[in-house]
Amino acid sequence: MSSNLHQAGVKLLKQLGRHADIIMDTYLAGSLNEDAHDPSVVEKLKQAGILWRPEPDQELRLKRSVRALLEEGLSDERNRQIDSNVGSALATIKTLADHYKEARHSSDYSAAEAYLSDLSEHVYSFADSLRYSIRVLWGRINNEFGYVGTINAKIRENELAQSQVSELLNGLEMFQFSELGEIAGDIRELRKLIVTTLQETMSDCAQELSVVQGRLLELLGRFRQIRGRTRLLKGWLLYTDLHPDYRPADHVSHKEIPSLFNRAEFLLAPAAVDVHNASQELELMGIVAHIKAISRHPVVAAVRERDAPVSLTQSEDFDVPDNPLKQAVDEYFVDVIESGLRQSALEYLADKALPWNAESWIYQVIGGYEGLPDEHKAYFELEPLGEPHPIYSGNFIIRDVELWLA
Amino acid sequence: MSALMDQSTQTVLVGTGALIELLLKGEFICRTTNEEGWRALKNNSTRERVEAYLNQINRTVASAAEGDVFFCGYLQLGDSERKVISSQFKDICQSLIPLVEWLVLVQEASGQDAPLNEGAPVRLTELQSRIEDTPAFREQLAKLSQYRLFGSTSSNSDAQIKLVFKRLVELGYLVRPNVEKQIYIATGKLDYLYEVIRFIDETEGLSLEAQAETATQRDLI
């Protein structure tokens, strides 16, 4: 019998493993797309009780037990199912305890053994399901019901979770340990199982549930605050749309000003030294003189906060119009080259009847000669004509210059 | 050892000095704008020290938003103080409509459940593209940017939104932690604003929340 059960179990698990892809697809999508899979495989899964059809024209879905296995194994946060049916678990435990006592009483030890192991299974699985429920609740709290989008949905989810918590707490209240103690009587195994173990679990869970409840309320408060703010803003816009000439009442004209509006005027404006105020110059100088640059760090090269834009473009052409005086001097030089004769600058000026002042002319001629490149300069000789200054030695007064080809 | 202690008291003093200065400048201190100062004010002993200093010049540390935003208020109210408060109240009342319109626009354009609150980031480029893609949002932006609070005269939505954000930073409702990035963070002054609206709502019995709820229910039907 038990080897049959073992074999059947192994077969079922193998089937689950073999068709893991289909099962996971169905788990994630909610229902199975029958056309996409081999009909014989689908049929096998249906027979094994893994898939089922809730209504004749509905798609195939995963059986609740398989779903629950996956939800628990994957810690899937979408799992909202909480088994808060403490009453039936309690009744089962009591019934099994009675069976065990009866079997013991009639000295049917093998039956008693079986009942006891059955009872332990129930007690432990009950404790596990309670702890699992609390884990699920924490999971939902910790991601703040992130699996639903809107604040309103989050508030509803939170309310669902709160009702589940209160149901669980109500269920826990049904455990009367005095009654369980009576059932257990003086049988040591039974006492250990249904009094000590259960009591420990209960007190742990009740404590944790009250923390969960506190957190849920806190979250709910926050959600409501967020929703309240959204509504406040929308309501404000609606109200001001409806009453375009609405102005808030003067809430600060009362004797008692609400502390919210008690804001002092700024006392400090951004300060700056007035360097143009001469009367403060002395003090400012004193302050500046006292500044000591203390640098404990090596001076860091200033880094430019942003790149100064630099663009390389063709430089624009420009020309300086030639000075007519300079052009006349150039002509004078050309004249000297062409004639090949020694020529006085002032005579040239007079000959050509050029309009310039004699002094500027001489300056420009000297400047033109000095401004020649060295190789060109070598072709000319320039001799200043004049006399030394009668009073201040070392000064030579130029009256005229003569230019000739070297 | 004594040098070490000296140094530590000194930094504390310098710290409260800077804090007092900020308060006297009329700034709101919250976790986003100045976390260090905010922590210092949350700490009773530093807060008392700041309070003692401010009390000498008829000022006090005031707080809003469940003690998460601090600002500077008057200790005793004389006629001149009342005048200041009354003009400030007028200012804030005038800025309520543009600010609320802006908050609703940001919330709707970014498709969020919650309106902006302290510490919430706003990515300007993202928001801008969403607003520019939707004519209704564009219209709202154009309308609100022309309020005197923002004072935009431009008909270009890029210029409008940039100006609105610039003004909001100037007014202290937003901070921009990195000048090179277009990411803004809402400050505690916004939470203060909510409190002001709630106060007006409750005192004047406007029941704004109920009105908004019935309006959304009508929309759903």
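How many helices and strands are there in chain B?

1. Chain B holds 9 helices and 5 strands, where helices (H or I, at least four residues) and strands (E, at least two) are DSSP runs numbered from the N terminus. Along the sequence, these elements of chain B follow the pattern α-α-α-β-β-α-β-α-α-α-β-β-α-α.

2. The model is predicted: local features need pLDDT of at least 70, side-chain atom pairs count only at pLDDT 80 or more, and totals for chains, interfaces and linings use all residues. Residues are numbered from 1 along each chain as its sequence is written, while chains are lettered from A and ligands numbered from 1 in the order in which they are written.

3. In chain B, 3 strands form an open antiparallel sheet in the order β3-β5-β4; two strands pair if DSSP finds at least two bridges between them. Because β3 (121–123) and β4 (174–175) of chain B stand at the edges with a single partner strand each, one side of each is left without a neighbour in the sheet. Strand β3(B) is joined to β5 (residues 183–186) of chain B by 3 bridges, and B:Pro121 stands opposite B:Ile185 in β5(B).

4. Of the 221 residues in chain B, 30% are buried, that is, with 20 or more other C-beta atoms within 10 Å of their own, the C-beta atoms being placed from the backbone.

5. Between the chains, 34 residues of chain A are in contact with 44 residues of chain B, a contact requiring C-beta atoms, placed from the backbone, within 7 Å. Helix α9 (residues 188–242) of chain A gives the most to the side of chain A that touches chain B, with 14 residues.

Methods
Two residues are in contact if their C-beta atoms, placed from the backbone, lie within 7 Å. A residue is buried if 20 or more other C-beta atoms lie within 10 Å of its own, exposed if 12 or fewer, and partly exposed in between; C-beta atoms are placed from the backbone.
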